[in-house]
Amino acid sequence: ILVYIGNFVGSVGPALLVSWSGTWALTGTGGAIHALGIASANCDLTWTEAFVRGILCNALVCLAVWLCNSARSTTDKILAIVWPIAGFVALGFEHCIANMYFIPLGMLLKANTGLMETLGVGPEAFPALTGGGLTANLIPVTLGNIVGGTLMVAGVYWFAYLRPKRWREGDSA
């Protein structure tokens with residue numbers, strides 16, 4: 001729980017800094033539109049979609065950790081970690097810690113009235129970008145991340161390598 005809270009604080013902090021720094025405007029309004037789109041899309045997921053995307057995401061994230069741990073050199077570690085992480089991002093899977101950054105950033109951008117005027121929209125254009133939307137996303141995504149990491153990666157490794165010897169040899173007694 002403390003790590004989760006620490007991750008939340010550590011994610012919202014950079015979102016605040018990015019919002020205050022105006023770096024979202026370096027590409028005109030494109031960066032802000034993209035950030036708002038990501039945050040809004042995350043908040044618009046159904047509970048089931050968010051949960052399943054959380055499972056799939058953390059299966060890839062934990063696989064990246066396992067692959068990285070099996071690598072010998074720094075180059076091996078980088079090459080091992082890049083593909084699973086790039087895959088979860090490219091496929092639109094959900095990670096609770098990433099969402100702890102993207103959704104608050106979207107909420108901060110939505111609250112920027114100057115930006116909203118420049119975009120020609122009002123806050124009603126992103127109705128799901130609220131504290132409730134953040135919570136509605138983080139709960140199923142976090143639970144999905146737990147299932148994906150524990151069952152789909154750690155559980156499989158446990159079954160393959162660490163289960164009791166009598167189970168491997170077919171002794172049910």
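Two residues are taken to be in contact when heavy atoms of theirs lie within 4.5 Å. By this criterion, in the predicted model described here, residues 24 or more positions apart account for 81% of those contacts in the chain that have a separation of 6 or more.

The chain contains eight helices and zero strands, so that, read from the N terminus on, its elements follow the order α-α-α-α-α-α-α-α. Along the principal axes, the C-alpha trace spans about 70 × 35 × 30 Å. The radius of gyration of the chain is 20 Å, whereas a compact globule of 173 residues would have a value near 16 Å. Of the 173 residues, 34% count as buried, and the accessible surface of the chain amounts to about 9900 Å², with 71% of this area belonging to carbon and sulfur atoms.

Attention then turned to the pockets of the model. Rolling a probe the size of a water molecule over the atoms shows where empty space is left. The largest pocket holds about 270 Å³ of space and is lined by 14 residues, among which Ile38, Asn42, Gly92, Phe93 and Glu94 lie nearest its centre. At least two residues of this lining are supplied by each of the helices α2 (30-43), α4 (74-90) and α5 (96-110). When the lining of the largest pocket is divided by class, eight residues are nonpolar, four are polar and two are charged.

The second largest pocket has a volume of about 170 Å³, and its lining consists of Val3, Tyr4, Asn7, Asn58, His95, Cys96, Ile97, Thr142, Asn145 and Ile146. Two or more of these lining residues come from each of the elements α1 (2-21), α5 and α7 (131-162). In the lining of the second largest pocket, five residues are nonpolar and five are polar, while no charged residue is found there.

Because residues under 20% relative accessible area are classed as buried, serine 40, with a relative accessibility of 10%, counts as buried. When the neighbours within four places in sequence are left aside, serine 40 is in contact with Phe126 and Leu129.

Technical notes
Residues numbered from 1 in each chain as written. Predicted model: local features only at pLDDT ≥ 70, side-chain atom pairs only at ≥ 80, totals over all residues. Heavy atoms only, no water. 1 Å grid on protein atoms, 1.4 Å probe; cavity = no way out; pocket = protein on both sides within 12 Å on 5 of 7 lines; lining within 4 Å. Points joined across faces, edges and corners; volume = space filled by probe spheres on them. Helix = DSSP H or I, 4+ residues; strand = E, 2+ residues; numbered from the N terminus. Nonpolar A, V, L, I, M, F, W, Y, C, P; charged D, E, K, R; others polar. Rg over C-alpha atoms; globule rule 2.2 N^0.38 Å. Buried < 20%, exposed > 50% of the residue type's maximum accessible area, 1.4 Å probe, protein only. Areas by Shrake-Rupley, 256 points an atom, 1.4 Å probe, with all protein chains shown as cover.
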